[in-house]
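Okay, everyone, thanks for coming. Let me put the structure up on the screen, and then I'll talk you through it.

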Amino acid sequence: VEHWKELCLGQDLLSIRLLVLRFPLRILLLLLFLLAPLKHCAMISHQHAQVSSMRRAMWIGAAVVLLSFAAADSTYTPGVVDLDTEDGTERLQRSATEGGIAVLARLETQTQQSWCGLATICTVFNALHITPAPELHGLPWWTQESLLEATGTEADVHPQMGLTLDQVSYIASYRMASQAVHASDEGRGSVSQLREDLIAVFQNSSRAITVNFDRLFITSKSGGHHSPLCAYDSVSDSVLLADVTRYKFPPMWVPLETLHAAVNTPDSASGLNRGWLLLSMLPDGQAQPLPTPEDPIWNIAIMAAAAALAVFVVGACCGGCIACLMRRRSARLKDNLDPELTGLGKGDGVQLLPKGWKVGKVASPLDADRFIGV
């Protein structure tokens with residue numbers, strides 16, 4: 001509730017812009033390209049009106065496409081700085097990075113759309129040389145495909161729909177000491193506590209920290225995401241975020257306040273706020289696996305069904321409105337027909353035309369489209 005209050009009070013105008021524009025535009029796009037042309041074809045009986053109406057619908061649809069892409073661009077929010085800039089390099093040189101460089105050097109690229117959590121854990125495990133590990137070409141190396149089987153969690157976790165913070169913590173607990181901190185946790189989830197955790201982690205090469213955040217606050221791409229952190233710069237009060245979707249975003253410096261706002265967002269799958277994960281190395285054989293977290297698959301299924309129902313209702317309402325408008329337009333066109341021709345039909349071998357048009361004599365009803373305009 002507090003998050004949405006802040007959003008509505010204008011503390012994150014970019015988020016409001018995206019929330020207001022992106023989803024309605026895509027729904028309009030779907031309706032315009034699927035419903036509008038069909039309704040035009042079904043409700044308008046005059047050929048010239050059909051063509052012009054369909055053209056208008058397609059032009060509007062093309063405009064909606066452009067606006068939708070504009071609303072879903074991949075620009076950064078204010079204050080976010082790429083690592084490969086002069087400012088980004090300076091921050092790295094003066095920041096606390098104990099252990100963070102190893103994480104950055106072994107950053108995984110997620111291989112599937114919903115495997116950001118697996119890629120994040122593999123990055124940390126490979127950076128800290130966590131063993132025992134599966135082998136890749138004869139060498140110990142953690143991969144996203146082998147992670148669940150190697151940790152024995154494949155029966156408890158289903159990453160096809162993404163992972164919650166607690167699920168990522170559960171997988172990591174089979175090899176490391178793992179503590180999930182939700183941003184809504186009283187006394188533990190504040191921005192000052194996050195700052196303290198960052199300072200402590202980057203002073204110890206046997207520790208790591210990852211975040212579960214909403215991209216909407218950082219890269220203008222909405223959706224829950226997992227990625228590791230690699231450094232903290234106290235001068236700019238920013239943290240180096242190494243996004244595992246490396247084909248989309250390079251490592252970037254994010255203001256700590258912005259990052260905390262991104263993690264202090266509700267995860268609809270778990271019903272809890274997102275947060276960060278503190279990981280520490282343990283001697284082999286001393287890991288204490290956490291209790292199996294609740295599988296949110298049913299929550300996701302319910303949300304998907306609700307979203308499908310909402311789209312159907314919106315589509316039905318818009319389709320009905322379009323049909324009413326087309327009926328009214330068709331009625332107006334009929335009112336403008338020449339009264340001398342209103343009694344004629346297709347069987348008379350002519351086509352009904354507006355006033356001012358003359359109908360030529362035709363040989364058969366099949367030639368009814370032939371006419372002479374004056």
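I'll go through the cavities, a helix pair, a salt bridge and a few spots along the backbone.

Quick ground rules: this is a predicted model, so local features need pLDDT of at least 70 and side-chain atom pairs count only at pLDDT 80 or more, while totals for chains, interfaces and linings use all residues. Residues are numbered from 1 along each chain as its sequence is written, and side-chain values use heavy atoms, with hydrogens and water left out.

Cavities, then. A cavity here is a set of points, on a 1 Å grid over the protein atoms alone, where a 1.4 Å probe fits but cannot get out; lining residues have an atom within 4 Å of a point.

The largest share, 3 residues, comes from β5. Among the lining residues you'll find Glu-98, Val-103, Phe-202, Arg-207 and Leu-229. By type, the lining splits into 8 nonpolar, 2 polar and 2 charged, with Ala, Val, Leu, Ile, Met, Phe, Trp, Tyr, Cys and Pro counted as nonpolar, Asp, Glu, Lys and Arg as charged, and the others, Gly among them, as polar.

Next, the helix pair. Helices α6 (residues 116-127) and α8 (residues 165-172) pack at about 35 degrees with their axes 10 Å apart; axes are lines fitted to C-alpha atoms over the stretch in contact, and angles run from 0 to 180 degrees between N-to-C directions. On the α6 side, the contact (heavy atoms within 4.5 Å) uses Gly-117, Leu-118, Ile-121 and Phe-125, and α8 brings Val-168, Ile-171 and Ala-172. That makes 6 nonpolar, 1 polar and no charged.

On to charges: there are 5 salt bridges, meaning a side-chain nitrogen of Lys or Arg within 4 Å of a carboxyl oxygen of Asp or Glu. One is Asp-87 with Arg-91, closest N and O atoms 3.2 Å apart. Those two sit 4 residues apart in helix α4 (residues 86-94), so about one helical turn separates them.

Last, the backbone. Thr-131 and Pro-132 are joined by a cis peptide bond, omega about -5 degrees, and Pro-132 is in the loop between α6 and β2 (135-136). His-137, in the loop between β2 and β3 (139-140), has a positive phi near 55 degrees despite not being glycine.

Note on methods. 1 Å grid on protein atoms, 1.4 Å probe; cavity = no way out; pocket = protein on both sides within 12 Å on 5 of 7 lines; lining within 4 Å.
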